[in-house]
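Morning, everyone. Please bring up the model on your screens, and we'll walk through a few contacts together.

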Amino acid sequence: MHPRDQTIFALSSGRAPSAIAVVRVSGAQAGLVLTALAGRLPAPRQASRRLLRDGAGQPIDDAVVLWFPGPASATGEDVAEFHVHGGRAVLAALFAAISDIPNTRAADPGEFTRRAFENGKLDLTEAEGLDDLIHADTDRQRRQALRQLQGLLGDRARDWRERIIEASALIEAGIDFSDEGDVPAELRAPAVKAIRALHDEITKVLAAQGHSERLREGLVVAIAGEPNVGKSTLINQLARREVAIVSPHAGTTRDVIEVQLDLDGYPVTVIDTAGIRETDDPVEQEGVRRARARAEDADLVLWLVEGGQAVNPDTMRSRGTSADGAASPGGSVWIVRNKIDLGRGEGARPSEFGISASRGDGIPDLVEALVKFASEFFGTTEGAMVTRARQRELLSRASDSLRRSLDLVEHGEELAAEELRAAAYALGRLLGRVDVEDVLGAIFQKFCIGK
């Protein structure tokens, strides 16, 4: 039997031990599994308390079971659920009993969701939204993922695709009736109007997204500077806990330290890097190399200097940044002057920040500025439709094909029709309805087992 035809099962709740554990079963054998363990099928979609027994008649657990006959189920197949006590021994006995039933096997990561996708219960954008919702760490990530799961982009993409197909039908009808005098022109006009409207809509959606797809990974902020300027103290202050060792000795931080922050719902990864300086220590040299690399890739660098100390342009060279803190190709750079509590922060420019990393002075203003930077970086996330680079790329392809079809329609209807087919194909790939086998594995293997 093909693996896709087998009945799958998995733990769909949190890791054991727990108060209650939910085990899901999906596939043609789900009813047989439920009958074998619980004695008989309960009424559909109604919870029923049963004593579960294995194949030898030995009791497993006193449980609650549910029965969801397909196609009215989460996966579109017959689905059974076992709500058992969440002990490891209970789960082991339950899994063993299910495994003894022919044509059942443990589910692969994301296989429940993949079967739901393949059975038309959700499109690929909704599946991606479900994955994002599972991994959401901040409230803004949660809201964005939930909108995607509810079809914010998928519904629009389906509408766009249907309208493209309608416009394509008009263009191709004009080709078929090319010998009928004014018939092609009569068909072409409404097609051109529809194509132009579609192109404008998709272009506006793309332009309004900002870096919305980056909300999944978050903003990356690197704290950099020379040794002993307070970088580790600053990251501890931002994290509100000790995540980095603070020492007066140069070279204490030799590797990159990361901490995840939730700043007003924006996910921010703050990186504490090794002090950038010339050194003969090979271990510290590697730390400096990594520090430069992470600073180069960061969206924002907080370049820490001590009080009124001049900014050394040589140490900032890896960012392509001038000593006055001008933006670099890799991202923005802010000059942060530390130790203002020791009277060393005087003379800071209006564009710079004065703080005391040890005492906390100036930290609220710095955090407020970080929140504002994140807001401007991500753009409007409340109505954002694009949450992944894959989605942006396919929408851009559809938009480009629509633009080319407008350029071609007056002079080559056959070529315009081909561009419309390309636009519809791109939206089909976005929804996962055409030729997406190459991306399905990459998407669903990132799901947890049981989803």
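**Salt bridges and a helix pair**

Start with glutamate 118: it counts as partly exposed because its relative accessibility is 35%. On this scale, buried is under 20% relative accessible area, exposed is over 50%, and partly exposed is in between, with a 1.4 Å probe and protein chains only.

Before we go on, this is a predicted model: local features need pLDDT of at least 70, side-chain atom pairs need 80 or more, and totals for chains, interfaces and linings use all residues. Residues are numbered from 1 along each chain as its sequence is written, and side-chain values use heavy atoms, without hydrogens and water.

Glutamate 118 forms a salt bridge with arginine 114, with the closest N and O atoms 3.1 Å apart. A salt bridge here puts a side-chain nitrogen of Lys or Arg within 4 Å of a carboxyl oxygen of Asp or Glu. Arginine 114 is buried, at 15% relative accessibility.

Next pair. Arginine 158 meets aspartate 123 in a salt bridge, 2.5 Å from N to O. These two link distant parts of the chain, 35 residues apart. Arginine 158 is partly exposed at 31%, while aspartate 123 is buried at 1%.

Third pair. Aspartate 139 bridges to arginine 143, with the closest N and O atoms 2.2 Å apart. Aspartate 139 is partly exposed at 32% relative accessibility. Arginine 143 is also partly exposed, at 25%.

How many salt bridges does the rule give? The count comes to 29. Shared partners join Glu77, Arg105, Asp108, Glu111 and Arg115 into one network.

Definitions and conventions. Helices (H or I, at least four residues) and strands (E, at least two) are DSSP runs, numbered from the N terminus.
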